[in-house]
Amino acid sequence: MMMSFFDQFASPTYLGIPLIAIAIALPWVLYPTPSSRWVNNRLTTIQGWFINRFTNQLMLPLNMGGHKWALLLASLMIFLITINMLGLLPYTFTPTTQLSFNMGFAVPLWLATVIIGMRNQPTVALGHLLPEGTPILLIPVLIIIETISLFIRPLALGVRLTANLTAGHLLIQLIATAVFVLLPMMPTVAILTATVLFLLTLLEIAVAMIQAYVFVLLLSLYLQENV
Amino acid sequence: MADKPVALAQKRLMDIKLGQLPSWLGTRDFTPNGLLGSVRGGYERYFNKYINVKKGGIGGVAMFLAGYVALSYLWEYDHIKHDRWRKYH
């Protein structure tokens with residue numbers, strides 16, 4: 001069987017259980033419920049501090065109506081960041097490399113923001129389709145363009161996350177293969193490539209966190225416009 | 001020295017004799033609720049031993065993640081065993 005570089009994105013099934021099921025259920029185990037103690041264990045304290053700070057930052061630009069989304073957005077962020085980071089471990093499976101998974105998050109949440117806007121303040125929501133100060137002749141064109149840009153948002157959200165994660169994993173696999181192949185032939189070049197691999201891994205760790213954050217931030221932005 | 005007469009069901013796995021293993025398995029609860037309870041019990045034991053301590057370090061989480069890596073390898077083995085560096089040898 002040919003070794004394809006895309007094999008790492010297929011979820012294997014063993015004993016009838018696909019690995020993606022374990023990969024999705026795992027983040028829940030890593031975050032223990034805080035107890036009613038005044039001082040918790042270190043893990044719970046760190047997690048609580050991070051979640052509190054993040055939710056505070058995220059809710060700053062939103063009005064009171066948007067604060068209802070705090071739980072959803074915070075848990076989404078924690079989920080995505082954990083899944084992305086766990087995917088960097090060897091042999092693990094990253095569910096966020098699957099487009100269907102990311103679209104499953106992007107489309108319903110984006111649609112919710114649009115429907116909320118249309119129901120509560122339809123004039124304001126439709127007014128977003130026409131930026132202030134546009135020349136009169138450009139108005140029809142701009143409305144069409146803004147509508148297209150509105151409908152492209154869920155696609156962009158899903159594909160952004162998928163493409164970033166998939167590209168990162170592919171690059172890591174490619175460069176690691178290059179290092180292995182070069183090692184017996186040209187050790188110096190192999191060491192240089194290994195340095196590139198190390199830097200790439202650092203980048204991937206950053207990308208894993210940033211992409212999750214961008215996803216949630218954009219959603220909160222769309223919410224801000226509509227709520 | 002003779003053991004005190006304790007019921008088989010209350011003994012832990014590491015304390016029973018090898019010959020008693022089948023009958024000990026017969027006393028365990030394999031219903032879905034029972035399995036769930038044993039999973040939760042295992043989680044609580046691990047959590048309280050390695051994470052819910054005053055000065056827990058990275059070891060608790062690291063052991064768990066190492067186990068996850070091992071589990072993922074097990075899941076992918078059937079696929080990975082076909083990997084070759086050259087197409088024809």
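A pocket here is an open set of points on a 1 Å grid over the protein atoms alone, with protein on both sides within 12 Å along at least five of seven lines, probed at 1.4 Å, and its lining residues have an atom within 4 Å of a point. Volumes are the space filled by probe spheres set on those points, which are joined across faces, edges and corners. This is a predicted model, where local features need pLDDT of at least 70, side-chain atom pairs count only at pLDDT 80 or more, and totals for chains, interfaces and linings use all residues. Residues are numbered from 1 along each chain as its sequence is written, chains are lettered from A and ligands numbered from 1 in the order in which they are written, and side-chain values use heavy atoms, with hydrogens and water left out.

Let's start with the second largest pocket, at about 490 Å³. Its lining has 15 residues, and those closest to the centre are Leu30(A), Tyr31(A), Ile81(A), Thr82(A) and Met85(A). Helix 3 of chain A gives the largest share, five residues. Helices here are DSSP runs of H or I, at least four residues long, numbered from the N terminus. The lining splits into 13 nonpolar, two polar and no charged residues, with Ala, Val, Leu, Ile, Met, Phe, Trp, Tyr, Cys and Pro counted as nonpolar, Asp, Glu, Lys and Arg as charged, and the others, Gly among them, as polar.

Now for the largest pocket, which holds about 970 Å³ of space. Of its 29 lining residues, Gln8(A), Pro90(A), Tyr91(A), Gln173(A) and Ile80(B) sit closest to its centre. Two or more lining residues come from each of helix 6 (139-185) and helix 7 (187-226) of chain A and helix 3 (59-80) of chain B. Sorted by type, the lining has 14 nonpolar, eleven polar and four charged residues.

What about the chains themselves? Contact (heavy atoms within 4.5 Å) links 28 residues of chain A with 27 of chain B. Together the two chains bury about 2,700 Å², 73% of it on carbon and sulfur atoms; that is accessible area (1.4 Å probe) lost on being put together, summed over both. The interface has zero salt bridges, meaning a side-chain nitrogen of Lys or Arg within 4 Å of a carboxyl oxygen of Asp or Glu.

Over all chains, the salt-bridge count is two. Glu225(A) and Arg153(A) form a salt bridge at 3.4 Å, N to O. Glu225(A) belongs to helix 7 of chain A and Arg153(A) to helix 6 of chain A, so the pair ties together parts 72 residues apart in sequence.
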